[in-house]
Amino acid sequence: MTETRSAESLPTPFHDLDAYVSLPRVGGLAMSPDGRRLVVGVATVDPVMKQKYVTAFWEVDPDGAQPARRLTRGAKGETSAAFTPVGDLLFCAARPGTDPDDEDAPPALWLLPRGGGEARVVADRPGGLGGVVVSRESGTVLLASDTLTGSTSAEDDKEGRKARKDAGVTAILHDEYPVRYWDHDLGPDRPRLFTASVSELADAAPGETEQRLSLRDLTGHVGRALAAESSWDITADGAKAVAAWAVPEAHASERYALVLLDVASGERRTVAGSEDVEYEGPRFSPDGRWVAAIRWTRSTPEKAPDVRVAVLDVESGDERVVTEGWDRWPTSVRWTPDGGSLVVTADSGGRGPLFRVDVANGDVTQLTHDDWVYSDTAVSPDGRWVYALRASYAAPAHPVRVALKDGADSAGAAGGAVQVLRGPVQLP
């Protein structure tokens with residue numbers, strides 16, 4: 001007699017703890033400037049130690065026609081994927097050979113050519129590199145590196161670290177708060193922002209594979225201003241950068257303002273910030289004239305924060321809240337290529353739909369009407385599509401493409417507005 005079982009009774013990864021833990025975790029999404037390449041990070045359990053997740057980058061076809069293909073295979077994983085203007089892939093990874101004298105070398109910046117071939121190191125720092133952002137037109141790279149407080153150069157930083165290691169010093173003298181972030185101590189180094197230009201690699205002689213980027217310290221030591229929660233962006237021409245900047249306050253408190261940096265001179269000025277308001281996730285408009293960011297009033301024991309999307313004039317600092325009166329909690333913003341709208345993710349009824357917000361009048365159009373949460377958005381250069389990761393209790397995060405049209409034309413996944421791409425993780 002043949003036993004029959006309903007689909008509901010069939011084993012799933014949720015029925016076995018080991019199977020559940022082994023499910024790939026998809027996070028991070030980057031699109032090339034021409035819209036032809038899409039990269040996502042896929043974290044899987046380390047096959048050797050089985051005690052941590054290791055992230056590899058996969059390329060997903062933006063049209064959903066071809067299966068995804070794996071691009072990186074570093075034993076310690078990769079982070080911070082970003083494309084250069086010509087389509088080469090930059091990422092950060094700690095791999096054997098980064099520093100022959102240090103088996104525990106920190107993450108360096110690697111470049112994977114668009115036409116294929118082997119990835120190679122193009123920049124490194126003693127404190128590692130991360131948070132890579134690349135200007136869309138000029139190819140100016142903006143990234144962060146943890147640096148010892150008194151260091152004036154990479155060599156100085158390396159010597160300071162070596163002296164601590166040789167002396168067996170692991171203690172950290174704290175003179176400010178916070179002293180920890182989740183599971184690790186902060187210090188003795190602090191993040192700084194550095195810049196470089198990928199044009200240096202283009203100027204290399206034919207066949208030259210040892211050419212390195214010249215990293216320039218943009219901020220110097222700024223204490224805790226650049227923290228683990230900080231985010232930054234750079235204009236298309238690479239002339240200006242903006243960062244969420246931690247401002248210390250009395251009684252070990254701090255708040256986040258927005259600071260504008262001139263990439264050439266390093267001069268910086270606060271463009272938004274007060275004792276009552278904080279900001280995060282700044283994004284330059286395509287023409288570099290405006291910065292969009294998540295803005296929230298500071299909470300009190302009597303009042304919850306009021307979270308909105310704000311747009312600021314880069315030159316004057318004039319600010320306008322574009323979602324005034326919108327009863328949603330926005331979580332991220334992306335500009336459309338014409339600079340007329342913002343693609344916003346927001347909490348809504350236990351879900352996380354995509355919305356389009358008109359910058360001129362604040363009109364909000366909901367783009368997705370399903371039971372999923374969307375994140376890691378990218379807008380295609382032609383303004384037709386929004387690419388994102390979509391997740392819910394029904395399935396882990398997976399890459400999708402959403403039509404950037406009027407709500408009436410894109411209501412509901414069943415109508416074809418949301419296309420599941422053939423990525424490394426798909427719907428069951």
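**Salt bridges and their surroundings**

Author: A network of salt bridges links E249, R255, E278 and R298. The model is predicted, so local features need pLDDT of at least 70 and side-chain atom pairs count only at pLDDT 80 or more, while totals for chains, interfaces and linings use all residues. Residues are numbered from 1 along each chain as its sequence is written, and side-chain values use heavy atoms, with hydrogens and water left out.

Reader: Why is the contact between R69 and E59 called a salt bridge?

Author: The term requires a side-chain nitrogen of Lys or Arg within 4 Å of a carboxyl oxygen of Asp or Glu; the N to O distance for R69 and E59 is 3.2 Å, and therefore the pair meets the rule. By this rule the count comes to 21 salt bridges.

Reader: What makes E59 buried or exposed?

Author: Buried means under 20% relative accessible area, exposed over 50%, and partly exposed in between, with a 1.4 Å probe and protein chains only. E59 has 13% relative accessibility and therefore counts as buried, whereas R69, at 47%, counts as partly exposed.

Reader: Why is E137 called exposed?

Author: Its relative accessible area is 54%, so E137 is exposed, whereas R136, at 40%, counts as partly exposed. The side chains of E137 and R136 meet in a salt bridge, at 3.9 Å from N to O.
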